[in-house]
Amino acid sequence: MESTVTVEPVSVSIENLYKSFGEQKVLRGVSFDVKPGEIFALMGPSGSGKSVLMRHLVALEQADEGEVLIGGEPADDPGTQGNIRTAMVFQAGALFNSMTVYDNLALYPREHRLYSETVIWEKVTSVMRALSIEGAGRKIPAELSGGMKKRVSVARAIIMEPQLILYDEPTSELDPILAATTTELIATIARETGATSLVVTHDRNLALSIADRMALLMDGKLVFRGTPDDLRNNNDPQVLEFMNPTIDPLNPRFRKQENDV
Ligand SMILES: Nc1ncnc2c1ncn2[C@@H]1O[C@H](COP(=O)(O)OP(=O)(O)OP(=O)(O)O)[C@@H](O)[C@H]1O
Ligand SMILES: [Mg+2]
């Protein structure tokens, strides 16, 4: 992409994180580090607490116990949030329907007076082209398909030129080709800007192709932490079943009952 800005990457450190909602213990002692400039993929079944964990990094959740540090500073400290530029791609987009896609994308650089309108236009146009959403600028997010909204929220994060990018399911709702393009773009942005990336995903291709390291969250704990190669060589039955779930058409679960119409 043109006119890429390099940033000072930051580390992320999650130490013995516990989080419950009422009686429900969602995170039960989770620890991992993301090194500056690294792409780290966090995988795990639906409902395992991946989004909850990620929300701690933008101070939308408070830890019950343990520490969540960005660049060595507590993530829930307003000073940390003010000093370090973190962008989050929310699972559901979180775009403003009161303004056009273009204005959603231009919002951050305008509010922070980062660039002139001409430079903002160049940057927004270049990122929109990279994500194949160049025709959507005048629409409002509510008029877009799920996959287009997803790409607009990825674009909005990239345009912030963040030191840390948090992606929550960046490729869900995308067809396989767009998922692959978006995966490549995540890797390109990380490489070209040097930003640190934490990607929560169900997408095995994404994790195995671009992550430097990855972890698997199950029942509130990490059952695996290592490189994609470590994962490929892992024989833990829980890990194997998650990465390669078996679908047995003869399983009674999938069989039509005799009295089904
Ligand atoms: N604010 C909240 N109050 C109560 N329970 C919550 C809250 N946020 C999340 N939970 C619960 O925490 C659990 C983990 O939710 P989370 O959204 O982190 O799952 P996830 O791993 O991101 O799943 P998915 O892959 O489907 O996105 C779920 O059981 C959810 O209902
Ligand atoms: Mg989630």
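Which polar side-chain atom lies 2.8 Å from an oxygen atom of ligand 1? In this predicted model, the atom belongs to His202. His202 is also listed among the closest of the 14 residues that surround ligand 1, together with Gln24, Ser46, Gly47 and Lys50.

For Ser48, a backbone N or O atom is found 3.1 Å from an oxygen atom of ligand 1. For Ser51, an N or O atom of the side chain is 2.9 Å from an oxygen atom of ligand 1.

Ser51 and Lys50 both belong to helix H1, where they are buried. Helix H1 spans residues 50–57 and is mostly covered, with 7 of its 8 residues buried. After H1 comes Ala59, which has a positive phi, near 60°.

Helix H5 covers residues 146–159 and helix H6 residues 176–193; their axes come within 12 Å and cross at roughly 5°. Angles under 35 degrees count as roughly parallel, and H5 and H6 are therefore roughly parallel to each other. On the H5 side, the contact involves Arg151, Val154 and Ile158. These residues meet Leu178, Thr182, Leu185 and Ile189 of H6. By class, the residues of this contact comprise 5 nonpolar, 1 polar and 1 charged. In an α-helix, residues three or four places apart point the same way, because there are 3.6 residues a turn.

Notes:
Residues numbered from 1 in each chain as written. Chains lettered and ligands numbered in written order. Predicted model: local features only at pLDDT ≥ 70, side-chain atom pairs only at ≥ 80, totals over all residues. Heavy atoms only, no water. Buried < 20%, exposed > 50% of the residue type's maximum accessible area, 1.4 Å probe, protein only. Helix = DSSP H or I, 4+ residues; strand = E, 2+ residues; numbered from the N terminus. Axes fitted to C-alpha atoms, helices over the stretch in contact; angles between N-to-C directions. Parallel < 35°, antiparallel > 145°, perpendicular 65-115°, else oblique. Contact = heavy atoms within 4.5 Å. Nonpolar A, V, L, I, M, F, W, Y, C, P; charged D, E, K, R; others polar. Near = heavy atom within 4 Å. Polar contact = N/O pair within 3.5 Å; in protein donor to acceptor, adjacent residues only side chain to side chain.
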